[in-house]
Amino acid sequence: MSDKQHDITILAGISGVGKSYIIERLKERKQYTHFSAGTLINKRKQVSRDDLRVLSGLEILRNQYLLMEQFAEELLLADPRVPVLFDAHMLIDNDNEIIE
């Protein structure tokens, strides 16, 4: 294991703002290891993206801890020489509320 830290770029925004588009354009220019918050939570909790969208505010906040744990695990496996792109939502909306 290397002592070198990862170069991490975070791309955050609301749903539909174009995060995926920007990430794809960046990956055309340079090699990146890409992590998506929803995918990491899904790996830890094993629920669908649709199910994640209808969780209560408290469940969404709990998922942030799962996200941090999974991200830390993934970084241990990732090559520290390859920059990391991490995309996430700044606001999470469900049918009842907006979680900041």
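Colleague: Does Phe-71 count as buried or exposed, and at what relative accessibility?

Modeller: Buried means under 20% relative accessible area, exposed means over 50%, and partly exposed lies in between (1.4 Å probe, protein chains only). Phe-71 has a relative accessibility of 16%, so Phe-71 counts as buried. Before going on, note that this is a predicted model, in which local features need pLDDT of at least 70 and side-chain atom pairs count only at pLDDT 80 or more, while totals for chains, interfaces and linings use all residues. Residues are numbered from 1 along each chain as its sequence is written, and side-chain values use heavy atoms, with hydrogens and water left out.

Colleague: Which residues have the most contacts inside the largest nonpolar core?

Modeller: In soluble globular proteins, nonpolar side chains tend to be buried together. A nonpolar core is a set of buried Ala, Val, Leu, Ile, Met, Phe, Trp, Tyr and Cys residues joined through side-chain atoms within 4.5 Å. Here the largest such core has 14 residues, and Phe-35, Leu-40, Leu-67, Phe-71 and Phe-86 are those with the most contacts inside it. Helix 2 (37–45), helix 4 (57–77) and strand 3 (84–89) each supply at least two residues of this core. Helix 4 gives the largest share, 4 residues. Helices (H or I, at least four residues) and strands (E, at least two) are DSSP runs, numbered from the N terminus.

Colleague: What is Phe-35 in contact with, leaving aside neighbours within four places in sequence?

Modeller: Contact means heavy atoms within 4.5 Å. With those neighbours left aside, the contacts of Phe-35 include Leu-40, Phe-71, Leu-75, Ala-78, Val-84 and Phe-86, as well as Glu-74 and Asp-87. Phe-35 has 8% relative accessibility and therefore counts as buried.

Colleague: How many aromatic pairs does the structure hold?

Modeller: Rings of Phe, Tyr and Trp (its six-membered ring) pair if their centres lie within 6.5 Å; planes under 30 degrees apart count as stacked, over 60 as edge-to-face and the rest as tilted. The structure holds 2 such pairs. In one of them, Phe-35 and Phe-71 are edge-to-face, at 5.6 Å centre to centre with 80° between the planes. This pair links distant parts of the chain, since Phe-35 is in strand 2 (residues 33–36) and Phe-71 is in helix 4, 36 residues apart. Phe-71 also pairs with Phe-86: their ring centres are 4.8 Å apart and their planes are at 40°, so this pair is tilted. Phe-71 lies in helix 4 and Phe-86 in strand 3, so the pair ties together parts that are 15 residues apart in sequence.

Colleague: Where do the buried residues of helix 2 fall, seen down its axis?

Modeller: In helix 2, Ala-37, Gly-38, Leu-40 and Ile-41 are buried. Seen down the helix axis, they fall within an arc of 165° (taken from the directions from the axis to the C-beta atoms), so they line one face of the helix. These buried residues pack against strand 2, helix 3 (49–53), helix 4 and strand 3. After helix 2 comes Gln-46, whose phi is positive, near 55°.

Colleague: What does Asn-63 touch, not counting residues up to four places away in sequence?

Modeller: Asn-63 is found in helix 4 and is buried, with a relative accessible area of 3%. By that count, Asn-63 touches Ile-41, Lys-45, Leu-52 and Leu-55.

Colleague: How many salt bridges does the structure hold?

Modeller: Side chains of opposite charge can pair when their charged atoms come close. A salt bridge is a side-chain nitrogen of Lys or Arg within 4 Å of a carboxyl oxygen of Asp or Glu. The structure holds 6 salt bridges. Among them, Lys-27 and Glu-24 meet at 3.8 Å, N to O. They are 3 residues apart in helix 1 (residues 19–29), so about one helical turn separates them. Glu-28 and Arg-25 meet at 2.9 Å, N to O, and they too lie in helix 1, 3 residues apart. Glu-28 is exposed at 58% relative accessibility, whereas Arg-25 is partly exposed at 31%. Asp-79 bridges to Arg-81, with the closest N and O atoms 2.8 Å apart. Salt bridges also link Arg-44, Glu-69 and Glu-73 in a network.

Colleague: Which residue lies over the face of Tyr-21?

Modeller: A charge sits over a ring if NZ of Lys or CZ of Arg is within 6 Å of the ring centre and within 35 degrees of the ring normal. Here Arg-25 lies over the face of Tyr-21, at 4.5 Å from the ring centre.
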